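Trainee: Hi! I'm new to this one, could you walk me through it?

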Amino acid sequence: MSTKLIPSLCPYCAVGCGLYLVVDKGKAIGIEYMTDHPASEGALCPKGNSVLEIIDHEERLRYPMKKVGDGFVRISWDEALDMIAHAMKLSIKKYGPRSMGFLASSRCNNEENYLMEKMARLLGSPHVDNCARLCHSPTVVGLGAVFGMGAMTNNLLDLENSKCIFAIGTNFTEAHPIVSRWAQKAKDNGAVIIVADPRITSTSWMADIHLRIKPGSDIDLMRGMMKVIMDEGLVDEEFLKNRTVGSEELLQSLKGFTLEEAAEKTGVPAADIIRAAKAYALSPASAVLYSMGITQHVCGTDNVKTCATMALLAGHVGRPGAGVWPMRGQNNVQGNCDMGGMPEFYPGYRKSIDPATIEFFKKGWNVSELPIGPGLTSTEMNEAALDGRLKFLYITGEDPVVCDANVKRTRQALESLDFLVVQEIFMTPTARMADVVLPAAAWAEKDGSYTSMERRVQWIDKAVEAPGEAKEGLWIMCQIARRMGLDFSYENAAQVLQEINRLVPQYGGMTLERISKIGGLRWPCPDVNHPGTDILHTQKFSTPDGKARMATVTNTPPGEQVSAEYPILLTTGRIVLHYNGGSMTMRSISLEERESELYIEINPEDAARLKLADGDMVVVTTRRGEAEARARVTEKVKPGVAFMPFHWHGTNIITSDALDPVSKIPEYKMAACKIEAKA
Ligand SMILES: Nc1nc2c(c(=O)[nH]1)N[C@H]1C(S)=C(S)[C@@H](COP(=O)(O)OP(=O)(O)OC[C@H]3O[C@@H](n4cnc5c(=O)[nH]c(N)nc54)[C@H](O)[C@@H]3O)O[C@H]1N2
Ligand SMILES: Nc1nc2c(c(=O)[nH]1)N[C@H]1C(S)=C(S)[C@@H](COP(=O)(O)OP(=O)(O)OC[C@H]3O[C@@H](n4cnc5c(=O)[nH]c(N)nc54)[C@H](O)[C@@H]3O)O[C@H]1N2
Ligand code: SF4
Ligand SMILES: [Mo]
């Protein structure tokens, strides 16, 4: 039999589910469930189940191409790579290395991302970022500020030990479906599930208590809960004394805050806030799960800090079932951040503004100069392109023309560049704007490691050949780097992993052999004898003195308020069947046939006032533009609130690009809009 079963991973979200690819004569002909995978136990959601529909898809990019007029023509790899190197050299010569920006891909493996940021920095540019900017950058900085480390404190399996799960701004049953398995186990063991979400979602159906908060009022909700914890004597004094600093200021500021205020600002009845706070504080082990519902706000970083602070106040950190679970997005967004694919950090979260970091990597990489940070974030790169500071941009596996907020501006920014490279597996709207498009090998077509949301690092081997002339990111970057005179002599991903082992302490003991085993290892894993880490902060936090920094913050108003002209608050998010910009899921027949057009959820009261019926086409307008969508009239949203998924081109024409000043994440979850029947 020539058929082989090759262990692999789902290429979509950060749960990191395992699966086997059935490979025959170099082609994937089936999948088998990996029942011994620790995080997924053989389960896959609809996206994981449909991966075969995209891997060999006829529209995969097969050859390098260059833009000629409005179209593209096929060129050789040599011509493509020479053009890119030439454009980089020109940019450096005319404007200096800081005129170049790089977007590393959270869909690509650690080794590719490590090389991407290393190439950017060796060329003298500090401007390297990834889609975490649009997602969990508030986690990296906010959780980093409170706990000293911006990563999930516990792990997914450990959720079943929780006796109370407080899920705020996460719709994990759709966005991380396999996590439901662990939450359900907790529920079966008697855990109370609390969901704070303005909408009725499949996650809120699981909830014992659903707090339907007004969008953007999360800090008031959690301050209300902390007020109850304080007034009811449920503060963990011992924990505060031994393991934290900053509690006095917090408790002092809560004195001046009332539950009536919390109820008024959040729209949640005070009795429900009390119930939720007591359930959370009194349980022997409570978990906070959070995601985009709290990060994608102008106060995203403060929201994250407040989650972490509430957990500290009740002493629910550093034990089985007790901690903070940021629900990371993409299959390797955790790894991309770990590898330094962010302007704030070199690999291993060494601060890019710290001269000691520069010295460390000068030695580690054997070079005489490196750029000190912070570089520009992806959101700032757009501004820099518009005002002429950024001239060259190299995007790997991101689709900002669909996924950025206020995409008209992104288009203008990309148009302003002298040169744009896009390395992709499909011709996305972003790739269509490129001067050169490079065809990339997809996850199953290359070796490398991926780090899931629970810090689980898993290596997979290449299972099938890439289509046409598509190449691995590693090969492409080595080719470009060499043309730029850099010493990139890596022969394979395993060699890059060895360098990561040497320079990223959390990955020190993550050898190829160890992370190739099903389930891999969780970081920190500092040496080859270390078993990896299940739960962070059990004894000490990752701050210099080992103590957590409690944060005292109050709510910031949203970047945009509803008005007479724009009376409805628009929030956006995900559905289970589609994935981000949809380049893959919209080419997947089984997914696309079930959900194939942009829609907007509108409350029946608003619909009646606007004379709209379910199924009508509407035009949704904000201060930035308009989008068409089909109305779904539903009680899932309250009057005055509407919801649109962002997977289809349209939603982000109208979203707000107001930024959180700390993390620079856009406020995707709040825009003032008006809705009208389409003429
Ligand atoms: N199917 C699918 N899965 C995915 C993705 C996908 O595109 N499709 N993308 C992946 C990525 S990149 C990410 S980052 C994750 C994101 O995963 P999630 O964050 O869970 O997804 P969202 O739907 O963006 O937002 C979650 C919830 O926040 C709620 N919300 C909106 N505004 C507020 C608010 O002000 N406060 C509160 N408390 N809640 C609010 C929304 O109603 C929504 O139900 O999903 C990952 N998984
Ligand atoms: N309105 C609204 N907008 C949002 C959000 C929201 O909640 N609301 N969420 C935001 C969030 S959290 C995120 S993370 C961003 C996501 O923004 P993006 O990261 O831009 O979204 P993706 O569609 O996942 O883009 C990844 C691209 O990588 C390509 N790809 C896949 N595998 C490979 C590979 O192996 N190599 C290469 N080179 N390419 C590959 C895919 O084809 C895809 O086009 O969207 C943001 N936009
Ligand atoms: S939960 Fe995430 S990793 Fe698992 S199968 Fe679904 S998309 Fe893939
Ligand atoms: Mo994300």
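Mentor: Pro 374 sits in the loop between helix H16 (355-365) and helix H17 (378-386). Keep in mind that this is a predicted model.
Trainee: Okay, and is the peptide bond from Gly 373 to Pro 374 cis or trans?
Mentor: It is cis, with omega near 0°. The bond from Trp 523 to Pro 524 is cis as well, with omega near -5°.
Trainee: Where does Pro 524 lie?
Mentor: Pro 524 is in the loop between strand S21 (521-522) and strand S22 (548-549).
Trainee: Switching to ligands. Which residues come closest to ligand 1?
Mentor: The closest are Ala 175, Asp 197, Asp 218, Arg 574 and His 578, out of 35 residues that surround ligand 1.
Trainee: What polar atoms does ligand 1 meet there?
Mentor: A polar backbone atom of Ala 175 is 2.7 Å from a nitrogen atom of ligand 1. On the side-chain side, a polar atom of Arg 199 lies 2.8 Å from an oxygen atom of ligand 1. The protein covers 99% of the 910 Å² of accessible area that ligand 1 has on its own.
Trainee: How do the residues of that shell divide by class?
Mentor: The shell around ligand 1 has 12 nonpolar, 16 polar and seven charged residues. At least three of its residues come from each of domain 3 (153-326) and domain 4 (568-677).
Trainee: And ligand 2, which residues come nearest?
Mentor: Asp 399, Cys 403, Glu 424, Lys 446 and Ser 583 come nearest, of 32 residues around ligand 2. A polar side-chain atom of Gln 296 is 3.0 Å from an oxygen atom of ligand 2, and a polar backbone atom of Gly 581 is 2.9 Å from an oxygen atom of ligand 2. The protein covers 98% of the 910 Å² of accessible area that ligand 2 has on its own.
Trainee: What about ligand 3, how is its shell split by class?
Mentor: The shell around ligand 3 has nine nonpolar residues, two polar and one charged. Among the residues surrounding ligand 3 are Cys 10, Cys 13, Cys 17 and Cys 45.
Trainee: Let's look at strands. Is strand S25 mostly covered or mostly open?
Mentor: Strand S25 (residues 617-622) is mostly covered, with five of its six residues buried.
Trainee: Which sense does the pairing of S25 with S26 have, parallel or antiparallel?
Mentor: S25 and strand S26 (residues 625-633) pair in the antiparallel sense over six bridges. They form a hairpin with two residues between them, and Thr 621 has Glu 626 in S26 as its bridge partner. S25 also runs antiparallel to strand S28 (residues 671-677), joined by four bridges. There, Val 618 stands opposite Ala 677.
Trainee: Last one: where does Lys 611 lie?
Mentor: Lys 611 is in the loop between helix H24 (604-609) and S25. Its phi is near 55°, a positive value in a residue other than glycine.
Trainee: Is Lys 611 buried or exposed?
Mentor: Lys 611 is exposed, with a relative accessible area of 72%. Lys 664 also has a positive phi, of about 65°, although it is not a glycine. At 24% relative accessibility, Lys 664 counts as partly exposed.

Definitions and conventions
Residues numbered from 1 in each chain as written. Chains lettered and ligands numbered in written order. Predicted model: local features only at pLDDT ≥ 70, side-chain atom pairs only at ≥ 80, totals over all residues. Heavy atoms only, no water. Buried < 20%, exposed > 50% of the residue type's maximum accessible area, 1.4 Å probe, protein only. Pairing = 2+ DSSP bridges. Near = heavy atom within 4 Å. Polar contact = N/O pair within 3.5 Å; in protein donor to acceptor, adjacent residues only side chain to side chain. Areas by Shrake-Rupley, 256 points an atom, 1.4 Å probe, with all protein chains shown as cover. Nonpolar A, V, L, I, M, F, W, Y, C, P; charged D, E, K, R; others polar. Domains from an automatic or database assignment.
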